Amino acid sequence: MNAINPVDLGGVDVTPILPSLNFSQTRDFYVDALGFEQQPAACDEYLVLRRGRMVLHFWSCDDPHMAVNSSVFIRSDSLTPLYEEFLARRVDGLVRVEDEDGEENIARFYVRDPHGNLLLFGRRETASL
């Protein structure tokens with residue numbers, strides 16, 4: 001049996017494509033509550049939002065089951081400033097996951113968008129959930 005050599009992909013970006021039940025509600029939540037900016041999209045059935053290096057794409061969907069079962073895990077070196085900003089913005093449904101070792105720095109937190117998509121934020125060195 002031949003061993004398969006991994007392909008060097010160089011710099012890789014991965015962009016999640018989440019379902020949106022209503023683009024207007026999705027855009028308002030991500031822009032007003034989370035500080036994203038709308039970006040140009042290729043067609044009317046697609047929504048692109050960006051905040052720095054975080055880029056989220058949305059497709060138009062009419063099945064609420066799809067949204068409540070979709071999620072994205074966003075990793076960062078430092079989550080505390082973002083968590084504190086979301087607290088100051090009074091983001092509905094913001095939940096901090098308490099660290100087992102009681103660290104003051106935020107290791108994980110999450111929020112669900114208006115349609116149920118889960119955004120889980122984790123510190124980069126966090127190996128597992």
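These are my notebook entries on a predicted model of one protein.

**Entry 1: overall layout**

I began with the secondary structure and found three helices and eight strands in the protein. I wrote down their order along the sequence as β-α-β-β-β-α-β-α-β-β-β. The C-alpha trace spans about 50 × 45 × 30 Å along its principal axes. I then looked up burial: 38% of the 129 residues count as buried. For contacts between residues at least 6 apart in sequence, I noted that 53% join residues at least 24 apart.

**Entry 2: surface and charge**

The protein exposes about 8,500 Å², and 48% of that comes from carbon and sulfur atoms. I looked up the charges next: there are 12 positive and 21 negative ones, and their mean positions are 3 Å apart. I also found a nonpolar surface patch of about 450 Å², made by Val-7, Leu-9, Val-12 and Val-14. Of these I checked Val-7, which sits in the segment before strand S1 (17-20). Val-7 counts as exposed because its relative accessibility is 66%, and the cut-off for exposed is over 50%.

**Entry 3: salt bridges**

How many salt bridges does the structure hold? I recorded three. Side chains of opposite charge can pair when their charged atoms come close.

In one of them, the side chains of Glu-85 and Arg-51 meet at 2.5 Å, N to O. This pair links distant parts of the chain, with Glu-85 in helix H3 and Arg-51 in strand S3 (residues 46-51), 34 residues apart. I listed Glu-85 as partly exposed, at a relative accessible area of 25%.

Glu-85 also forms a salt bridge with Arg-89, at 2.8 Å from N to O. Arg-89 is partly exposed, with a relative accessible area of 36%. Through shared partners, salt bridges join Arg-51, Glu-85 and Arg-89 into one network.

I then looked up Asp-77, which forms a salt bridge with Arg-124; the closest N and O atoms are 2.7 Å apart. Here too the pair links distant parts of the chain: Asp-77 is in the loop between strand S5 (71-76) and H3, and Arg-124 is in the segment after strand S8 (118-123), 47 residues apart. Asp-77 is exposed at 54% relative accessible area, while Arg-124 counts as partly exposed at 44%.

Thr-80 is found in helix H3. Is Thr-80 buried or exposed? I noted it as buried, because its relative accessibility is 16% and the limit for buried is under 20%. Not counting residues up to four places away in sequence, Thr-80 touches Asn-105 and Ile-106.

Arg-90 lies in the loop between helix H3 (80-88) and strand S6 (95-97). I flagged Arg-90 for a positive phi of about 60°, although it is not a glycine. Most residues other than glycine have a negative phi. Arg-90 is exposed, with a relative accessible area of 71%.

I placed Val-55 in strand S4 (residues 54-60) and listed it as buried, at 17% relative accessible area. Which residues does Val-55 contact, leaving aside its neighbours within four places in sequence? I found Thr-15, Pro-16, Val-48, Leu-49 and Arg-50.

Arg-96 lies in strand S6 and counts as partly exposed, at 25% relative accessibility. I noted a C-alpha separation of 9.5 Å between Arg-96 and Phe-121, which are 25 residues apart along the chain.

How values were computed
Residues numbered from 1 in each chain as written. Predicted model: local features only at pLDDT ≥ 70, side-chain atom pairs only at ≥ 80, totals over all residues. Heavy atoms only, no water. Helix = DSSP H or I, 4+ residues; strand = E, 2+ residues; numbered from the N terminus. Buried < 20%, exposed > 50% of the residue type's maximum accessible area, 1.4 Å probe, protein only. Contact = heavy atoms within 4.5 Å. Areas by Shrake-Rupley, 256 points an atom, 1.4 Å probe, with all protein chains shown as cover. Lys, Arg positive; Asp, Glu negative; His and termini not counted. Charge placed at Lys NZ, Arg CZ, Asp CG, Glu CD. Patch = residues over 30% accessible without salt bridge, like charges linked within 9 Å, V, L, I, M, F, W, Y side chains within 5 Å. Salt bridge = Lys/Arg side-chain N within 4 Å of Asp/Glu carboxyl O.
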